[in-house]
Amino acid sequence: MDAMRLIEASRCALARSREPASLVAEVWQSQALAQAIGSRLAVAGPPELRGEALGLSELSGRGCAVLSHPPPTPQEIRAAKLTTIGDAHDTLLGLGVLLGEVGIALVTVAMGADDEGVYWQCMEAIDAADEARDRVLEMLRRLAARARDTPEPSGTRPVC
């Protein structure tokens, strides 16, 4: 499945979640998707993104690991359905929005946490999501720089 479809499915599922347990489950799914996208870009993405993409994958993996949430079965993991990234720029824009929403969801869970352990897990997961989003933004900057530095093919410039 295309990354953008999975990002949109994750955003919708996160928005529909109301209970802390379901929010945490959707945060886990979103972090797993960010990890998969990062891994895919690290291996087969544009060369200038590969280092940041590897960092994204590692940070998102940490975001999954800090949550005491029973992992879903392999059939339930949305990220396992990732088959193609499509346009890296669009995918990264969508992923950045998703990671921002993940942070907001985690703040909601942390604010309502009765257990100090849950609170601190949320804080660590917020840090991981924020750092992952920073990696996404850096990759978008690199794509923009590449686009500025790439000359237009001859014959396509407008004549003034």
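**Helix Packing and Buried Residues**

Tutor: In this predicted model, helix 2 and helix 3 meet through two sets of residues: Trp 28, Gln 31, Ala 32, Ala 34, Gln 35, Gly 38, Ser 39, Leu 41, Ala 42, Val 43 and Ala 44 belong to helix 2, while Arg 50, Ala 53, Leu 54, Leu 56, Ser 57, Ser 60, Gly 61, Gly 63 and Cys 64 belong to helix 3.

Student: Which classes of residue form the contact of helix 2 with helix 3?

Tutor: The contact of helix 2 with helix 3 has 11 nonpolar, 8 polar and 1 charged residues.

Student: Why is helix 2 called roughly antiparallel to helix 3?

Tutor: The two helices pack at an angle of about 155 degrees, and their axes are 7 Å apart. Angles over 145 degrees count as roughly antiparallel, so helix 2 is roughly antiparallel to helix 3. The crossing of helix 2 with helix 3 is left-handed.

Student: What makes Gln 31 a buried residue?

Tutor: Gln 31 has a relative accessible area of 0%. The limit for a buried residue is under 20%, so Gln 31 is buried. This residue is found in helix 2, which covers residues 20-44.

Student: Which residues are in contact with Gln 31, leaving aside its neighbours within four places in sequence?

Tutor: The residues in contact with Gln 31 are Ser 60, Gly 63, Cys 64, Leu 99, Ala 125, Ala 128 and Ala 129.

Student: Are Cys 64 and Cys 122 buried or exposed?

Tutor: Cys 64 has 9% relative accessibility, and Cys 122 has 2%. Buried means under 20%, so Cys 64 counts as buried and Cys 122 counts as buried.

Student: What makes helix 1 and helix 2 roughly antiparallel to each other?

Tutor: Their axes cross at roughly 165 degrees and come within 9 Å. The cut-off for roughly antiparallel is over 145 degrees, and helix 1 and helix 2 are therefore roughly antiparallel to each other. Helix 1 passes helix 2 in a left-handed crossing.

Student: Which residues of helix 1 and helix 2 meet?

Tutor: On the side of helix 1 they are Ala 3, Leu 6, Ile 7, Ser 10, Ala 13 and Leu 14, and on the side of helix 2 they are Leu 23, Glu 26, Val 27, Ser 30, Leu 33 and Ile 37. By class, the contact of helix 1 with helix 2 divides into 9 nonpolar, 2 polar and 1 charged residues.

Student: What pattern does the protein follow along the sequence?

Tutor: The pattern is α-α-α-α-α, and the secondary structure comes to 5 helices and 0 strands. Of the 160 residues in the protein, 42% are buried.

Methods. Residues numbered from 1 in each chain as written. Predicted model: local features only at pLDDT ≥ 70, side-chain atom pairs only at ≥ 80, totals over all residues. Heavy atoms only, no water. Helix = DSSP H or I, 4+ residues; strand = E, 2+ residues; numbered from the N terminus. Buried < 20%, exposed > 50% of the residue type's maximum accessible area, 1.4 Å probe, protein only. Contact = heavy atoms within 4.5 Å. Axes fitted to C-alpha atoms, helices over the stretch in contact; angles between N-to-C directions. Parallel < 35°, antiparallel > 145°, perpendicular 65-115°, else oblique. Left-handed = near helix turned anticlockwise from the far one by under 90°. Nonpolar A, V, L, I, M, F, W, Y, C, P; charged D, E, K, R; others polar.
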